Amino acid sequence: MGKNIFYLIIFVMIAFLVIDLFFIFARRAPFEIVYYRTNMEYDYDGNATFTTVAGLFFKDPKKRESYRETYLRNSKETFQEYFKKVGEEVGRDIIPVSFDSTVTVRSGILEISETAFLKNIAIKKDGAIDTSMGSLTLNIAGDSEVSLKIPESATIISIEPTPASIVGKTIKWKPKGPMLFPRVIFKKE
């Protein structure tokens, strides 16, 4: 179970939820992920805009408020530190250029929305862009969807793992368990 929590933390952080902030104060997460949506939109320079919305249910409203305050106070710094570490692990200098977030409570669910622009998040090689993050495994719960969009003028070379759907240049996964971070290789037509 500890390994799954670790992978959950990694994915949620990659999608810009700063769950590890709470792990400083407690051994287990005091919430359940009710829903999770992330959209990663890549360009031809190896950059991407990640937009994430997640709903967290806390049984204890005091813990929800404490988490909200900690998140608001530390999310930007934790986000930058995290991507520095991820960059070291995958062998590239990932540069967080911008980060914006909002936190609201809707029907008892803490909703966190984040948008970030990251430079050098993908590999550029021989005219192709590769979104791979090495062996980084994603493990998310609840009603989840991961989507990755490539430029309209791009040609898909390969996709791993197999997506749930492809509509235009948007590739979607609906993971029910562990999944490798999406590896999509594309190039200009």
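This is a predicted model: local features need pLDDT of at least 70, side-chain atom pairs count only at pLDDT 80 or more; totals for chains, interfaces and linings use all residues.

Two strands are treated as paired if DSSP finds at least two bridges between them. On that basis, I166 has I171 as its bridge partner in strand 11.

- Seven strands form an open sheet in the order 3-4-2-1-8-11-10, and the pairing is mixed.
- Strand 3 and strand 10 stand at the edges; each has a single partner strand, so one side of each is left without a neighbour in the sheet.
- Direction ignored, neighbouring strands of this sheet are turned by 15° against each other on average.
- Strand 8 (residues 143–149) pairs with strand 11 (residues 170–173) in the antiparallel sense, over four bridges.
- Within that pairing, L148 has I171 of strand 11 as its bridge partner.
- Strand 10 (residues 165–167) and strand 11 also run antiparallel, and three bridges join them.
- In strand 11, T170 is the bridge partner of V167, while I171 is the bridge partner of I166.
- The hairpin of strand 10 and strand 11 has two residues between the strands, and G168 takes a positive phi near 60° there.
- Helix 3 lies across strand 1, strand 2, strand 3 and strand 4, and runs at about 170° to strand 3.

- An open sheet of four strands has the order 5-6-13-9, with antiparallel pairing.
- Strand 5 (123–125) and strand 9 (154–160) are the edge strands, each pairing on one side only.
- In this sheet, neighbouring strands are turned by 20° against each other on average, direction ignored.
- Strand 6 (residues 128–130) and strand 13 run antiparallel and are joined by three bridges.
- I129 stands opposite F186 in strand 13.

**The largest nonpolar core**

- The largest nonpolar core has 40 residues, of which Y42 and I121 touch the most other members.
- At least two residues of this core come from each of strand 1, strand 2, helix 3 (61–90), strand 3 (95–106), strand 4 (109–119), strand 8, strand 11 and strand 13 (183–188).
- Helix 3 gives the most to this core, supplying six residues.
- Residues up to four places away in sequence aside, Y42 touches N47, A48, F50, I121, A122, T131, L148, K149, I150, P151, F181 and F186.
- Among these contacts of Y42 are L148 and F186; L148 is bridged to I171 in strand 11, and F186 of strand 13 stands opposite I129.

- N47 is found in the loop between strand 1 (31–42) and strand 2 (48–58).
- Is N47 buried or exposed? Its relative accessibility is 9%, so N47 counts as buried, the cut-off for burial being under 20%.
- Leaving out residues up to four places away in sequence, N47 touches E41, Y42, F117, L118, K119, N120 and I121.
- A polar atom of the N47 side chain lies 3.1 Å from the backbone nitrogen of N120.

- Most residues other than glycine have a negative phi, and most peptide bonds are trans.
- N120 has a positive phi of about 65° although it is not a glycine.
- The position of N120 is in the loop between strand 4 and strand 5, and N120 is partly exposed, with a relative accessible area of 30%.
- D126, likewise a residue other than glycine, has a positive phi near 50°.
- D126 is found in the loop between strand 5 and strand 6, where D126 counts as exposed at 76% relative accessibility.
- The peptide bond joining E160 and P161 is cis, with omega about -15°.
- P161 has its place in the loop between strand 9 and strand 10.

Terms used
Residues are numbered from 1 along each chain as its sequence is written. Side-chain values use heavy atoms; hydrogens and water are left out. Buried means under 20% relative accessible area, exposed over 50%, partly exposed in between (1.4 Å probe, protein chains only). A polar contact is a pair of N or O atoms within 3.5 Å; within protein, one must be able to donate a hydrogen and the other to accept it, and residues adjacent in sequence count only if both atoms are side-chain atoms. Contact means heavy atoms within 4.5 Å. A nonpolar core is a set of buried Ala, Val, Leu, Ile, Met, Phe, Trp, Tyr and Cys residues joined through side-chain atoms within 4.5 Å. Axes are lines fitted to C-alpha atoms, for helices over the stretch in contact, and angles run from 0 to 180 degrees between N-to-C directions.
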